[in-house]
Amino acid sequence: MTVKELDIMVNAMRTKYNRVDSRMRLEDTIYYLSKGLYAIGRNELAEALDKLYSEIDEIDTDELIKTGTFR
């Protein structure tokens, strides 16, 4: 995942009902959703979320700061 893709994804997720105000909040949401999916046996979907989590975690923080995604 690129910094630009993450920026687009986060902005699409933001609504008046859903705040995504930090990278940690985003990563926590993905982590807990995958944990719940593992609990109900939806392993393939949970593994895809684990992969997404890893991709987001690999994004350079300095580059992410430059985009202003999480101001």
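Start by selecting Tyr32, which counts as exposed because its relative accessibility is 53% (buried means under 20% relative accessible area, exposed over 50% and partly exposed in between, with a 1.4 Å probe and protein chains only). The model is predicted, so local features need pLDDT of at least 70 and side-chain atom pairs count only at pLDDT 80 or more, while totals for chains, interfaces and linings use all residues. Residues are numbered from 1 along each chain as its sequence is written, and side-chain values use heavy atoms, with hydrogens and water left out.

**The tyrosine pair**

Tyr31 counts as partly exposed because its relative accessibility is 41%. The structure holds one aromatic pair, and Tyr31 and Tyr32 form it. A pair of aromatic rings is described by the distance of the centres and the angle of the planes. Here the centres are 5.0 Å apart and the planes are at 75°, an edge-to-face arrangement. Rings of Phe, Tyr and Trp (its six-membered ring) pair if their centres lie within 6.5 Å; planes under 30 degrees apart count as stacked, over 60 as edge-to-face and the rest as tilted.

**The whole chain**

Zoom out and colour by secondary structure. The protein chain has four helices and zero strands, in the order α-α-α-α along the sequence. Helices (H or I, at least four residues) and strands (E, at least two) are DSSP runs, numbered from the N terminus. The C-alpha trace spans about 40 × 30 × 15 Å along its principal axes. Of the 71 residues in the protein chain, 25% are buried. Among contacts with a separation of 6 or more, 56% are between residues 24 or more positions apart (contact means heavy atoms within 4.5 Å).

**Helices α2 and α3**

Select residues 23–39 for helix α2 and residues 43–57 for helix α3. Their axes come within 8 Å and cross at roughly 160°. That angle makes α2 roughly antiparallel to α3; angles under 35 degrees count as roughly parallel, over 145 as roughly antiparallel, 65 to 115 as roughly perpendicular and the rest as oblique. Axes are lines fitted to C-alpha atoms, for helices over the stretch in contact, and angles run from 0 to 180 degrees between N-to-C directions. The crossing of α2 and α3 is left-handed, a term used if the near helix is turned anticlockwise from the far one by less than a right angle (right-handed if clockwise).

Now show the side chains at this contact. On the α2 side they include Leu26, Glu27, Ile30, Tyr31 and Leu33, and on the α3 side Leu45, Ala46, Leu49, Tyr53 and Ile56. By class, the contact of α2 with α3 has twelve nonpolar, two polar and five charged residues. Ala, Val, Leu, Ile, Met, Phe, Trp, Tyr, Cys and Pro count as nonpolar, Asp, Glu, Lys and Arg as charged, and the others, Gly among them, as polar.

Glu27 is buried, with a relative accessible area of 6%. Not counting residues up to four places away in sequence, Glu27 touches Tyr53, Ile56 and Asp57.

Move to Thr29, also in helix α2. Thr29 counts as partly exposed, at 45% relative accessibility. Draw a distance from Thr29 to Tyr53: the C-alpha atoms are 9.6 Å apart in space, and the two residues are 24 apart in sequence.

**Helices α1 and α4**

Select Lys4 in helix α1, residues 3–13. Lys4 is exposed, with a relative accessible area of 55%. Then select Thr67 in helix α4, residues 61–67. Lys4 and Thr67 are 63 residues apart along the chain, and their C-alpha atoms are separated by 7.8 Å.

Thr67 is partly exposed, with a relative accessible area of 31%. Leaving aside neighbours within four places in sequence, Thr67 is in contact with Val3 and Asp7.
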